[in-house]
Amino acid sequence: MRALELLDVLEVDVDITLIDLALTHRSFAYEHGGVAHNERLEFLGDSILGQAVTVRLYRDFPEVDEGELAKRRASLVSTVALAEIARIIGLGRFLKLGRGEELTGGRDKSSILADTVEAIIGATYLSAGPDVATALVLRLVHPLLVDPDRFGAAMDPKTSLQELSASLGRGAPAYRVTEDGPDHDKTFHATVVLSGDDVAVGSGSSKKNAEMAAALDAWTRLSGRSDDAAPLESR
């Protein structure tokens with residue numbers, strides 16, 4: 001069962017029904033008679049995530065001013081950063097998606113992954129309480145906090161990729177963007193191109209988010225921090 005396996009990955013004891021709900025995307029819900037989906041849990045988890053990250057940054061960086069703290073918080077709770085966290089724990093394989101999302105690569109869409117991370121945090125809060133939820137948040141963001149380069153890439157992935165690419169002699173990255181879906185609910189797909197080669201992909205609810213997700217994926221690959229990354233053509 002997806003939810004049980006995910007609990008082992010997260011190392012938390014959370015009501016299985018709530019975790020299952022947190023994994024249920026609205027596309028799955030609509031295709032199964034309008035069952036409940038994870039957007040209310042996502043709403044809750046967003047607030048818990050923001051508070052936990054704010055307190056951690058405040059305590060860990062006493063020399064940093066308010067403006068810089070706000071920038072760092074924004075980067076850590078961004079779609080790009082949350083999607084990176086989701087990929088680190090392999091969250092995509094646990095998602096409950098509708099057929100349409102399955103066919104269009106929904107398991108690796110940054111927006112879906114990020115929303116699900118927030119829903120899981122919300123489910124943890126409701127089931128296990130604020131202390132356990134806060135501890136989960138801090139475990140999830142830890143890889144970004146302890147790796148300054150990765151943290152910088154999460155804050156500004158396009159600039160980080162450009163700098164890394166130049167240092168490797170690969171030239172400036174270019175982005176090829178496509179879109180699909182209805183006008184009110186479009187998904188954008190970006191591909192990073194370096195020296196004529198497709199090196200990474202990313203998706204998001206806007207062109208900007210898709211390019212940022214693709215840039216972070218490319219940076220992760222080129223920096224050697226994703227030794228087990230799947231080849232682009234198989235993603």
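Let's start with the strands: β1 and β2 (residues 187-194) pair in the antiparallel sense over seven bridges. (Strands are DSSP runs of E with at least two residues, helices are runs of H or I with at least four, and both are numbered from the N terminus; two strands pair if DSSP finds at least two bridges between them.) What you're looking at is a predicted model, where local features need pLDDT of at least 70, side-chain atom pairs count only at pLDDT 80 or more, and totals for chains, interfaces and linings use all residues. Residues are numbered from 1 along each chain as its sequence is written, and side-chain values use heavy atoms, leaving out hydrogens and water.

**The whole chain**

- The protein chain has 12 helices and three strands.
- Its C-alpha atoms fill a box of roughly 50 × 45 × 35 Å along the principal axes.
- A compact globule of 235 residues would have a radius of gyration near 18 Å, and the chain agrees with its 18 Å (this radius is taken over C-alpha atoms, and the globule rule is 2.2 Å times the number of residues to the power 0.38).
- Of the 235 residues, 46% count as buried (buried is under 20% relative accessible area, exposed is over 50%, and partly exposed is in between, using a 1.4 Å probe and protein chains only).
- Take the contacts between residues at least 6 apart in sequence: 54% of them join residues at least 24 apart (a contact means heavy atoms within 4.5 Å).

**The sheet**

- The three strands form an open sheet in the order β1-β2-β3, with antiparallel pairing.
- β1 (174-180) and β3 (197-204) are the edge strands, each pairing on one side only.
- From one strand to the next, the twist averages 20° (axes are lines fitted to C-alpha atoms, for helices over the stretch in contact, and angles run from 0 to 180 degrees between N-to-C directions).
- R176 stands opposite T191 in β2.
- Helix α12 (residues 207-222) lies across β1, β2 and β3, and runs at about 135° to β3.
- In the loop between β2 and β3 you'll find S195, which has a positive phi near 50° despite not being glycine.
- S195 is exposed, at 52% relative accessible area.

**The cores**

- The largest nonpolar core has 46 residues, and those with the most contacts inside it are L6, L10, I19, L23, L91, I120 and L140 (such a core is a set of buried Ala, Val, Leu, Ile, Met, Phe, Trp, Tyr and Cys residues joined through side-chain atoms within 4.5 Å).
- Elements giving this core two or more residues include α1 (2-10), α4 (39-60) and α8 (110-128).
- α8 gives the largest share, eight residues.
- L91 touches L6, L23, A86, L113, T116, V117 and I120, leaving aside residues up to four places away in sequence.
- Another core, of 11 residues, lies apart from the largest one, and F188, V192, A215 and A218 are among its members.

**Helix α6**

- Seven of the 10 residues of α6 are buried, so this helix is largely enclosed by the rest of the structure.
- The buried ones are V80, A81, L82, A83, E84, I85 and A86.
- After α6 comes G90, with a positive phi near 70°.

- T24 sits in the loop between α2 and α3 (26-31) and counts as buried at 3% relative accessibility.
- The T24 side chain reaches the backbone oxygen of D20 at 2.8 Å.
- E11 is in the loop between α1 and α2, and is exposed at 64% relative accessible area.
- E11 has a positive phi of about 60°, although it isn't a glycine.

Technical notes. Polar contact = N/O pair within 3.5 Å; in protein donor to acceptor, adjacent residues only side chain to side chain.
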